[in-house]
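Morning, everyone. Please have the structure open.

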Amino acid sequence: TEGPEVIDVRALAAHGFFTFDPGFLSTASCESKITYIDGDEGILLHRGYPIAELAIETDYLQVCYLLLSGELPTQEQYQQFRAHVTRHTMVHEQMTSLFKAFRRDSHPMAVMCGVAGALSAFYHDSLDINNPKHREIAAFRLISKMPTLAAMSYKYSIGQPFMYPRNDLSYAGNFLHMMFAVPCEEYKVNPVIERAMDRIFILHADHEQNASTSSMRMAGSSGANPFACIAAGIASLWGPAHGGANEACLKMLEEIGSVDRIPHFIARAKDKNDPFRLMGFGHRVYKNYDPRATVMRDTCHEVLHELNVSDHPLLDVAMELERIALSDPYFVEKKLYPNVDFYSGIILKAIGIPTSMFTVIFALSRTIGWISHWLEMQSDPASRISRPRQLYTGAPTRHVTPFEQR
Ligand code: ACO
C-alpha cells in the first residue's frame, strides 16, 4: 500500500540534529506490520484485511490470532488457540483479596490499573521477556484474564459475588455471563448482544501507535515485564481524549438531554474560549469517516431493534447531533466526523453496562493490540529503549545564591 513520503532522520542524530514534533504529528516511532491506517481515505487494515470485513466475517478470537501471528487461523488452528485461551481464564484466587482492598466506589479503571499490573506479582512464569515461552504464556494469560478482571471490577463495584468464567461460551458470551449472571439464577446470553459485544471487541482490537499502544511500547522498550506494560497502556487509555471518550460521550449526551438543546452545545463546541468539545467527534488520524464507526452504527441499530428501543431519548440526541455536525461548516471544514466511540457508548448503555465500565471494555478489547505490538517490538533486533528528546526553553545556566542570602 502506498503511504506518505518517509524521511528517515536517524542518521541526522549523529550530527547533533533532532526533530521537534510535539504530539508526534509526523513522527513514526517504530516500524510495524500489524495495522495500516489511511486517515484521509478512512481505511483501516489489520495485517492487510479491511476492518469491516473482519468485523462481519470473523470473531474476536480470530482477530486476536491474526494480530498475533499475521494470518487468519484455519479451523484447526482456531480450536487450538481457543483451547489455549480458555485454559487461562481464571485468575489466582488470592486476587479476590486484592479487589477487596479497593473502595467499592472506586472507578473500575482505577481498579484495572492496579489489578492488571499486579498480575506480575502472581505469574512468575511469564516475566522473563527474553524467554519466548514466557512471552507466549504472558500473551495468553492477558487475552484470557482481562475479561475476568474487567467483570470482577464491575461485580465488586455493585456488591455482587464474582462469577467464575464459563469456557463453553464464546469469548464475548463468557464476558457477558461474568458481568450479568448471578449465582442460583439461569442467565442466557442473547446472541444479538453477544455478536454486538464481539464486534465492539474487534473494532477496538488495535489502532497502531495511539497513546496507549505507544505507552505500552515505551514501557516495554525499557525491558519491563508485559503485565507492568499493560498497566501503562491502561493508564494512558483512561484519558477522555482517548479511551475515556466513550464514557465522556455518553455523559455529554445525557447532559444535552434533548434535541432542542443541541444548538447550544454546538455553539459551545465552536467557541474558542470554551474548552467544551463534542465528545465522540474528531480523530487525530481520521480526516474522513472512521471506518469502525460505520460498522458500529449498523450494530447499534441492530441492538436497539433487538431490545425494542425505538425512541430512546439519548439515541434521538445522538442521531440529531450526528446530522447537524455532518452538515455544519465548522465540523465539515475541520473534518470532524463521529468516531467509533460515538456509537459504542450507545450500544453499551442499551445493553445495561454502566458508563464507568465503557473504558474498561475498551481496555480489554485493546489488550490484544497492546500485546501484539509488545511482541513485535521484542522480536525486532533493531528495537532500543524509547528516549524522546526535548526542546529546552528554560533558564540559561545560573548560580545558586546561598540559602541565607535568599
Ligand atoms: N469538538 C469541537 N472542536 C474540535 C473537536 C471536537 N470534538 N475535535 C477537534 N476540534 C477542533 C479543535 O478545536 C481544533 O480547532 P482549531 O484548529 O480551530 O484550533 C481542530 O478541531 C483540530 O483539533 P486538535 O485538537 O488539534 O486535533 P487533535 O488531532 O490533536 O485531536 C482528538 C484529536 C483528541 C480526538 C480531538 O478531536 C478530540 O478531543 N475529540 C473529542 C474526544 C474524542 O472523541 N476522542 C476519541 C478519539 S477516538 C479513540 O480514542 C478511539
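A word on terms before anything else: a helix here is a DSSP run of H or I with at least four residues, and helices are numbered from the N terminus. By that count, His373 sits in helix H18. Bear in mind that this is a predicted model.

How confident is the predictor? The mean pLDDT of the protein is 93. Of its residues, 99% reach 70 or more. For the complex, the predictor gives an ipTM of 0.91 and a pTM of 0.90.

Now the helix. H18 covers residues 358-378, which is 21 residues. From first C-alpha to last, H18 reaches 30 Å. That is close to the 30 Å expected at 1.5 Å a residue. H18 also has a bend, of about 40 degrees, at Arg366.

Is H18 enclosed or open? Of its 21 residues, 19 are buried, so H18 is largely enclosed by the rest of the structure.

Back to His373. Why do we call His373 buried? The cut-off is 20 or more other C-beta atoms within 10 Å. His373 has 25, so His373 counts as buried.

What does His373 touch, leaving out residues up to four places away in sequence? The list is Ser32, Ile34, Thr213, Met216 and Arg217. Gly220 and His373 are 153 residues apart along the chain, yet their C-alpha atoms are separated by 9.7 Å.

Next, the core. In soluble globular proteins, nonpolar side chains tend to be buried together. Here, the largest nonpolar core has 105 residues. The members that touch the most other members are Cys64, Met112, Ala116, Ala150, Ile230, Ile234 and Ile361. H18 supplies the largest share of this core, 12 residues.

Stay on Ile361 for a moment. Beyond four places in sequence, Ile361 is in contact with Ala150, Ile200 and Leu348.

Last, zoom out. The protein has 18 helices and 3 strands. Buried residues make up 41% of its 406 residues. Take contacts with a separation of 6 or more: 75% of them join residues 24 or more positions apart.

And the overall dimensions? Along its principal axes, the C-alpha trace spans about 70 × 60 × 55 Å. A compact globule with 406 residues would have a radius of gyration near 22 Å. The protein has 22 Å, so the two agree.

That's the tour. Over to you.

Terms used:
Residues are numbered from 1 along each chain as its sequence is written. This is a predicted model: local features need pLDDT of at least 70, side-chain atom pairs count only at pLDDT 80 or more; totals for chains, interfaces and linings use all residues. Helices (H or I, at least four residues) and strands (E, at least two) are DSSP runs, numbered from the N terminus. The expected span of a helix is 1.5 Å times one less than its number of residues. The bend at a residue is the angle between axes fitted to the seven residues ending there and the seven starting there. A residue is buried if 20 or more other C-beta atoms lie within 10 Å of its own, exposed if 12 or fewer, and partly exposed in between; C-beta atoms are placed from the backbone. Two residues are in contact if their C-beta atoms, placed from the backbone, lie within 7 Å. pLDDT is the predictor's confidence in each residue, from 0 to 100. A nonpolar core is a set of buried Ala, Val, Leu, Ile, Met, Phe, Trp, Tyr and Cys residues joined through C-beta atoms within 7 Å. The radius of gyration is taken over C-alpha atoms; the globule rule is 2.2 Å times the number of residues to the power 0.38.
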